[in-house]
Amino acid sequence: EKLDVGEEEAAAEEEEAVAEEEEVPAEEEEAATEEEEEAATEEEEEEEAAAEEEKEAPTIELEIYEGPTPVDGTCYYRVKAIVTGEPGPTVEFSKDDSHGAWGSKKVQVNLNDPGETYTLTATATNSEGSDTDSIELSWGCPEPEPEITEIDVPVVVSEGGYIEWGGIVMQPHDSMFAGDSVSDKYCRGFMSFDITGIAGATVTDVTLTLAPEQVWGDPTFLGSLWIDVVDWGAGPLVMADYNIGYVGIESFNDPDITCTHSKLKAELQKAIDDGKSRFRIRIRFTTQATDSDHQWDGWDYLMSEAILKVAFTAE
């Protein structure tokens, strides 16, 4: 059916209006998209700016959190690094005897000798730079107890014996005797120890033990027996050594002798410090007398059974 001219124009206007209505939402949608993209860009820029503002160069400070602690002859410290910075810094230490056992910001430093020191250094690094701190560590533990060795100092049998005053010098002899001889003469005994094996040592304890091979006759009239420290030099005993200079150590009224007197230790240490190779003792009774019975009266000690036990620390 044919439309007249007026109707055709109205239909065309209606179609154009519909097209325009369809076109508006598309434009609005395009504009909204552009706005969203602009907002997202602005947000990214703001985040980047904020991130730039948050970046910070590192700082580091070292602090001992454990120690000094002694263990197995060493003295150890545990040290931590207090770190700031953004992004988070990495930390490098100059030493870590724990090999990372305590984490990336803690280390252990072992000192092995009282005279040892160590300067621990640590550096914190990030994209903004680096910072370094150091701390000096020195032995702060109680010094380890020195190792103590104990030995029986050997007797030099060929250098010992006894002197009968106004009579004979019995050297070498397998025993030392003090008392009254069969000739009614007063006797003093002498013994020599080889101390070359403890040269340079520090004596911590010393004990001299003498057990008599025989007690002759009745020596009670002779009084107490004294242990003296003497030194008759490199040569053999001679009669004059009967009255040689001495340091009296201790007296005994029983023939079974155990001497631990501090003077014995002091004299042995002096002999060591003076570089001597021998430590020598003499035994004598307090009373120089005889009962004129032409019998042996006194105490007799085998050289081979004398014991000089010394505890010491080496240099």
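**Figure 1. Salt bridge between lysine 95 and aspartate 97.** A search of the whole structure, which is a predicted model, finds 12 salt bridges. In the one shown here, the side chains of lysine 95 and aspartate 97 meet with an N to O distance of 3.7 Å. Lysine 95 has 22% relative accessibility and counts as partly exposed. Aspartate 97 is likewise classed as partly exposed, at 26% relative accessibility.

**Figure 2. Salt bridge between lysine 309 and aspartate 152.** The closest N and O atoms of lysine 309 and aspartate 152 are 2.8 Å apart, and the two residues form a salt bridge. This pair links distant parts of the chain, with lysine 309 in strand S19 (residues 307–313) and aspartate 152 in strand S7 (residues 149–153). The two positions are 157 residues apart. Lysine 309 has a relative accessible area of 32% and is partly exposed. Aspartate 152, at 43% relative accessibility, also counts as partly exposed.

Figure 3. The side chains of glutamate 159 and arginine 278 meet in a salt bridge with an N to O distance of 3.0 Å. Because glutamate 159 lies in the loop between S7 and strand S8 (161–164) and arginine 278 in strand S17 (residues 278–285), the pair ties together parts that are 119 residues apart in sequence. Glutamate 159 counts as buried at 16% relative accessibility, whereas arginine 278, at 23%, counts as partly exposed. Both residues belong to a network of salt bridges that links Glu159, Asp194, Asp231, Lys276, Arg278 and Arg280.

**Figure 4. Patch of negative charge on the surface.** Glutamates gather here in a surface patch of negative charge. The patch consists of Glu30, Glu34, Glu35, Glu36, Glu37, Glu38, Glu42, Glu43, Glu44, Glu45 and Glu46. One of these residues, glutamate 46, is found in helix H1 (residues 5–54). Glutamate 46 has a relative accessible area of 56% and is therefore exposed, the cut-off for that class being over 50%.

**Figure 5. Edge-to-face pair of tyrosine 186 and tyrosine 242.** The whole structure contains seven aromatic pairs. In this pair, the ring centres of tyrosine 186 and tyrosine 242 are 6.2 Å apart and the ring planes stand at 80°, so the pair is edge-to-face. Tyrosine 186 lies in strand S11 (residues 186–194), and tyrosine 242 in the loop between strand S14 (225–230) and strand S15 (247–252). The pair therefore ties together parts that are 56 residues apart in sequence. Both tyrosine 186 and tyrosine 242 are buried.

**Figure 6. Edge-to-face pair of phenylalanine 190 and tryptophan 232.** The rings of phenylalanine 190 and tryptophan 232 have centres 5.7 Å apart and planes at 90°, so this pair is edge-to-face. Distant parts of the chain are linked by the pair: phenylalanine 190 is in strand S11 and tryptophan 232 in the loop between S14 and S15, 42 residues apart. Phenylalanine 190 is buried, its relative accessible area being 0%. Tryptophan 232 is buried too, with a relative accessible area of 9%.

**Figure 7. Aromatic cluster.** Tyr162, Phe177 and Trp296 form one aromatic cluster.

Conventions
Residues numbered from 1 in each chain as written. Predicted model: local features only at pLDDT ≥ 70, side-chain atom pairs only at ≥ 80, totals over all residues. Heavy atoms only, no water. Salt bridge = Lys/Arg side-chain N within 4 Å of Asp/Glu carboxyl O. Buried < 20%, exposed > 50% of the residue type's maximum accessible area, 1.4 Å probe, protein only. Helix = DSSP H or I, 4+ residues; strand = E, 2+ residues; numbered from the N terminus. Patch = residues over 30% accessible without salt bridge, like charges linked within 9 Å, V, L, I, M, F, W, Y side chains within 5 Å. Areas by Shrake-Rupley, 256 points an atom, 1.4 Å probe, with all protein chains shown as cover. Lys, Arg positive; Asp, Glu negative; His and termini not counted. Charge placed at Lys NZ, Arg CZ, Asp CG, Glu CD. Phe/Tyr/Trp six-rings, centres within 6.5 Å; stacked < 30°, edge-to-face > 60°.
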